[in-house]
Amino acid sequence: MERCRLVFSGSGGQGVITAAIILAEAAVLHEGLNAVQSQSYGAEARGGATRSDVIIADTPIYYPKVLQPNVLVCLTQEAYNKFSSIIRPGGLLITDSRYVKIQRKVDALQRELPLYRSVMEAIGRPIVFNICMLGALVALTDLVRPESILKVLESRVPPDFLEMNRRALEIGMELGKNARV
Amino acid sequence: MGKTVKFVQGNEACVEGALYAGLNFYAGYPITPSTEIAELLSLKLPPRGGKFIQMEDEIASLCAIIGASLTGCKVMTATSGPGFSLMQEALGYAVMAEIPCVIVDVQRGGPSTGIPTHVSQGDLNQARWGTHGDHAIITLTASNHQDVFAMTVEAFNLSETYRTPVILLFDEVVAHMREKLILPEPGELHTVERLKTSVKEGVDYHPYLPREDGRLPMSDFGGVHRYNVTGLVHDMWGFPSTEPRVVHGLLRHLVDKIENRAHELARFKEFHLEDADIVLISYGSSARSALHIVEERRRRGERLGLLELQTLWPFPGDVVRTRCARARAVVVVEMNMGQMVPWVKLAVERPDRVFLANRIDGVFITPADIHNILRIIQGRGV
């Protein structure tokens, strides 16, 4: 496989880092791939621009950070303003249409998806916004199988919340599929 | 049955390694970027019958594990630069009283409280000379989670074998990033148990009387033997002495038991050194960026190699000298202002060919940072 470098960005509390961990863990534990996940820490627990880097490959990964992502996810305007310029030419930019207004053209496939709105309409709980995003990402990139994401969710999410997460993943995948070229 | 594969932070790999080695007593004061070690052990130790204590500060933390070690426990504490500074006095005590213990320093930017959430490797010389007086110390490090696990087990083994504190000098990047860890099966890695005295109850036990092989068997403090432990210079009974012969003998013993074994204590990895005309020397997370550029340049046919040091102290000078003998240039890659460079210059035959590729701004050193230094050395400009 082609080495894939991803940057997940948003605001603290949106679950951006959790989503990055789930994707990387799915790749390592259920796809037999190598993955490294790291994050930049600020002092704050909520708010501020959060960023998490993931590299997925079938070869060893040494340098663990991402300088130019193939896939960039921005869930807030602040994150978009800060990170949109680093995307690798020809990469994929995923933004949430409620939170981010695209302001400039980058040399990448841009997908503005109504992730937040769809989650709120169908589930009504913003805590699975990140899983919906992950669904869209998986459908757009085929990086890992959705079953692998589900297996990780089953091991990490309390049973009472599992169905909600599963639905969010499906909603995201539907949005992703429809946005494929 | 396949092996257990985990996707974890470096701090968790250290915790798993410590438990594998037999850790059963942890005392600590949480501090970024080492906090996950305390957090995880507070969950994992009590159900296994081990003890976890959150102490009032780092001074008390190290003192607590020193006491617990004397009673027969395998002990560890974890901290970062500011806490490591506070531990220096008790570290010297553990050196002097020859008490096995493992101290993890997950480095962050310093001095003082510095930059808590960002990476640095600025404690290299503090690990060597942070405590006062002539002494020797063992310090290990690692660049990936499999090695963090292995080096943590090694730290316990060496501390038991040589009755000495061992420092695990990790850094924020390795500690916080997540990657694959394959848990070794029980028995797969060698673990060293406490060497206990064969002296029976009712017979005098000399805590500092070496066996023929030089090792000092221990007796669980509070058990069947009464003996003295002190930070003062002491004789074989453990009582203070100012007898020049005793003072000289003790200091020589404390230094020689480690420095004379620098060669056998050296843990390191070699990548493409066979025909390398430029050798990078690195350790901890920096070695990941170094290896990245070595592999990239090799694909283009350039003769670049990496010597990754896992034993930092005692400095493996022989290893450095032999591996760099044919090199046109040696580049030390580290995230400080060149703390390892003088040691490398002392070891190699041509110190004028030793260069530094570093970064001190809290940002993890990139392959491009190393690339720029290589261009200058190769006379190609940046």
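Reader: How are helix 3 of chain B and helix 5 of chain B oriented, roughly parallel to each other or roughly perpendicular?

Author: The angle between the two axes decides this, and an angle under 35 degrees counts as roughly parallel. In this predicted model, helix 3 (residues 58-70) and helix 5 (residues 88-97) of chain B pack at an angle of about 20°. Helix 3 of chain B and helix 5 of chain B are therefore roughly parallel to each other. Their axes lie 8 Å apart.

Reader: Which hand does the crossing of helix 3 of chain B and helix 5 of chain B have, left or right?

Author: The crossing of these two helices of chain B is left-handed.

Reader: Which residues make the contact between helix 3 and helix 5 of chain B?

Author: Helix 3 of chain B contributes B:I59, B:L62, B:C63 and B:I66. From helix 5 of chain B come B:A90, B:L91, B:Y93 and B:A94. By class, the contact of helix 3 with helix 5 of chain B has 8 nonpolar residues, with no polar and no charged ones.

Reader: Into which domains is chain B divided?

Author: Chain B has domain 1, spanning 5-182, and domain 2, spanning 267-377. Taken over C-alpha atoms, the centres of these two domains of chain B are separated by 26 Å.

Reader: How many residues of domain 1 of chain B are in contact with domain 2 of chain B?

Author: In domain 1 of chain B, 27 residues are in contact with 20 residues of domain 2 of chain B. On the domain 1 side, at least two residues each are supplied by helix 6 (124-129), strand 6 (138-140), helix 7 (145-162), strand 7 (165-171) and helix 8 (172-176) of chain B. Helix 6 of chain B gives the largest share of that side, 4 residues. The side of domain 1 of chain B that touches domain 2 of chain B consists of 14 nonpolar, 9 polar and 4 charged residues.

Reader: How many residues does the contact take from chain A and from chain B?

Author: Chain A gives 17 residues and chain B gives 17 residues. On the chain A side, helix 1 (16-30) and strand 2 (34-40) of chain A are the elements that give two or more residues. The side of chain A that touches chain B has 12 nonpolar, 3 polar and 2 charged residues.

Reader: What pLDDT does chain B average?

Author: Where pLDDT is low, the predicted coordinates should not be read in detail. Chain B averages a pLDDT of 97, and 100% of the residues score at least 70. For the complex, the predictor gives an ipTM of 0.95 and a pTM of 0.97.

Methods
Residues numbered from 1 in each chain as written. Chains lettered and ligands numbered in written order. Predicted model: local features only at pLDDT ≥ 70, side-chain atom pairs only at ≥ 80, totals over all residues. Domains from an automatic or database assignment. Contact = placed C-beta atoms within 7 Å. Nonpolar A, V, L, I, M, F, W, Y, C, P; charged D, E, K, R; others polar. Axes fitted to C-alpha atoms, helices over the stretch in contact; angles between N-to-C directions. Parallel < 35°, antiparallel > 145°, perpendicular 65-115°, else oblique. Left-handed = near helix turned anticlockwise from the far one by under 90°. pLDDT = per-residue confidence, 0-100.
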